[in-house]
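Please read the following account alongside the sequence and the model. It begins with a single residue and then moves to the sheet, a helix, the aromatic rings and the chain as a whole.

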Amino acid sequence: MNLFGFMADQNEEIPKISESPEPVSLADASAEKATQGSDSDLEVEDPEKTFVGITGIELYLEACRLMEVVPVSHFIQNLAKPYINLNHRGLGPRGVKAIAIALVSNATITHLELEDNCILAEGAISIAEMLRENSSLQELNISNNHLDTIGAAAIAGLLLDNVSYLHALQLSGNNFGDEAAPFFAEALMGNYKVKELDLSHNEFSEKGGQLLGQMLATNATLQILDLSWNHLRMKGTVALGAGLRGNAALKILNLSWNGIGNEGALALGAALKINNILVHLDISNNQINNEGAKKLCRGLEVNEKLKILKMANNPLTMEGATALVTSISKNPNSMMEEINISNVLVNETFIKLLDLVCQTHPELDVIYDKVEGCITKVPRLYPSPMKVIQNYLKEHNLQLWDFFRNIDKDGNMKIPVATFRRAMMQQSSIPLARVQIRELVRRLDPNQTGIVDYSHLKEQKSAQNSVEGETEKKKKEEP
């Protein structure tokens, strides 16, 4: 695309979506507009002479002048940085078009946030045009911008052509319905660059789910897909389950709040029998009862890859909870680390079963609500797990650094939570119950990153060694 032509087009009136359903190229010139007489200072007689050599801030300011919008100071101040957050700034289609002009040749920004700016379909078209030329932008968030079907077509067309460098794209809450699904399905069947895609909080129903399911069967790049808060229901989920069977790339799938029901759980269970790639599945809030949980368990009994299963806020009882834990016990090769059924009330029998299963699957953590019968009783109080560890270290003249280093086999000062939990369950030197280990993990990984990072202790260890060295030196110097 000719950059000067891109700039010259800004004298055109922005077409209304209702009048022109076709994407409008930023490089298209309007002959009619060019021949009209006007005293407006927006008109440029020779754009190639006017904008030659203009880049960065100067280019953005000129684009704002042409689009008749107020420049965003935060954008100007961060134009040379890799990350810019312009969420909730009321940019509108013209404001984002000015930004798109400035980004055509930008080589520094890799992550751009544009959520909730009411950029509409016109803004999506401007962004898509820019991305066809930009070679640095890798992560883009244009959620909650009322892009609608025409905006979906513009973005999908970009993905279909594989011309952008995007690998993470957030499109949540953009009024995409089943009319937009064919665009995304076709684009993602052939796209080999996008690895993360957020289509949550849209209006995809069963038909849309069926098309996206067909896409999953052929897409070989997408690793994270968020379809939560749509209306996929049973038929849409069945199609997605069929797509998962042959998919060899997707690792994280969020289908929460889709009303998939028991038949949807059955389809996913069947997929888990075959799929050995998916590691994280979220089917929370989906009207799955005990029957549905048992159908899902058919897949859990043989699956060797899934690590995280979120099923919170489904109408499960202890019967369904027991089925889930039992399915893990039947699978010696299960990699399950977390089952979230946080709304389910369990009893002592379930706790005993869980303790037994954790002996063979020490990395497993099941998040439940409360233990039945303990509500009226005085709950058993456990000492602080950190206090127990500190007492042990003090008795054996050890430091906290030594404690973590003993668990960290790779020596990179970052321990996966599952590895840490397994080590704590299997060790016998420090007496900690399973509930204490869970509390310990929560304290060591408060943001639920899945990693226990103890690198901050390295400086403490170095300082301590320095002090000990000085003390030892002084002792040797004493007569």
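Ser 172 is buried, with a relative accessible area of 8%; buried means under 20% relative accessible area, exposed means over 50%, and partly exposed lies in between, with a 1.4 Å probe and protein chains only. This is a predicted model, in which local features need pLDDT of at least 70 and side-chain atom pairs count only at pLDDT 80 or more, while totals for chains, interfaces and linings use all residues. Residues are numbered from 1 along each chain as its sequence is written, and side-chain values use heavy atoms, with hydrogens and water left out.

Ser 172 sits in the loop between strand E4 (168-170) and helix H9 (181-190). Helices (H or I, at least four residues) and strands (E, at least two) are DSSP runs, numbered from the N terminus. Leaving out residues up to four places away in sequence, Ser 172 touches Ser 143, Asn 144, Asp 198, Ser 200, His 201 and Asn 202, where contact means heavy atoms within 4.5 Å.

Gly 208 belongs to helix H10 (residues 206-218). Gly 208 is also buried, with a relative accessible area of 0%. With residues up to four places away in sequence set aside, Gly 208 touches Asp 178 and Ala 181. From Gly 208 to His 231 there are 23 residues in sequence and 8.9 Å in space, C-alpha to C-alpha.

Strand E10 (residues 338-340) pairs with E11 in the parallel sense over three bridges, and Asn 340 stands opposite Ile 367 in E11.

Lys 251 lies in the loop between H11 and E7. Lys 251 is partly exposed, with a relative accessible area of 40%. Apart from neighbours within four places in sequence, Lys 251 is in contact with Gln 223, Ile 277, Leu 278, Val 279 and His 280. The C-alpha atoms of Lys 251 and Leu 278 are 4.1 Å apart, although 27 residues separate them along the chain.

Next comes helix H18. Which residues of helix H18 (residues 417-426) are buried? They are Val 417, Ala 418, Phe 420, Arg 421 and Met 424. These residues cover an arc of only 160° around the axis, which puts them on the same side of H18; the arc is that of the directions from the helix axis to the C-beta atoms. As background, an α-helix has 3.6 residues a turn, so residues three or four places apart point the same way. The buried residues of H18 pack against E11, helix H17 (400-407), strand E12 (414-416), helix H19 (434-444) and strand E13 (451-453).

The aromatic rings can be taken together. Rings of Phe, Tyr and Trp (its six-membered ring) pair if their centres lie within 6.5 Å; planes under 30 degrees apart count as stacked, over 60 as edge-to-face and the rest as tilted. By this rule the count comes to nine aromatic pairs. The ring centres of Trp 229 and Trp 257 are 4.3 Å apart with the planes at 15°, so this pair is stacked. The pair links distant parts of the chain, 28 residues apart: Trp 229 is in the loop between strand E6 (224-226) and helix H11 (233-246), and Trp 257 is in the loop between strand E7 (252-254) and helix H12 (261-274). Trp 229 is partly exposed at a relative accessible area of 39%, and Trp 257 is partly exposed at 38%. Phe 403 and Phe 404 form an edge-to-face pair, 5.2 Å centre to centre and 70° between the planes. Phe 403 is buried, with a relative accessible area of 9%, and Phe 404 is buried at 3%. Trp 401, Phe 403, Phe 404, Phe 420 and Tyr 454 form one aromatic cluster.

Finally, the chain as a whole. The protein has 20 helices and 13 strands, and 49% of its 479 residues count as buried. Among contacts between residues at least 6 apart in sequence, 82% join residues at least 24 apart.

Notes:
Pairing = 2+ DSSP bridges.
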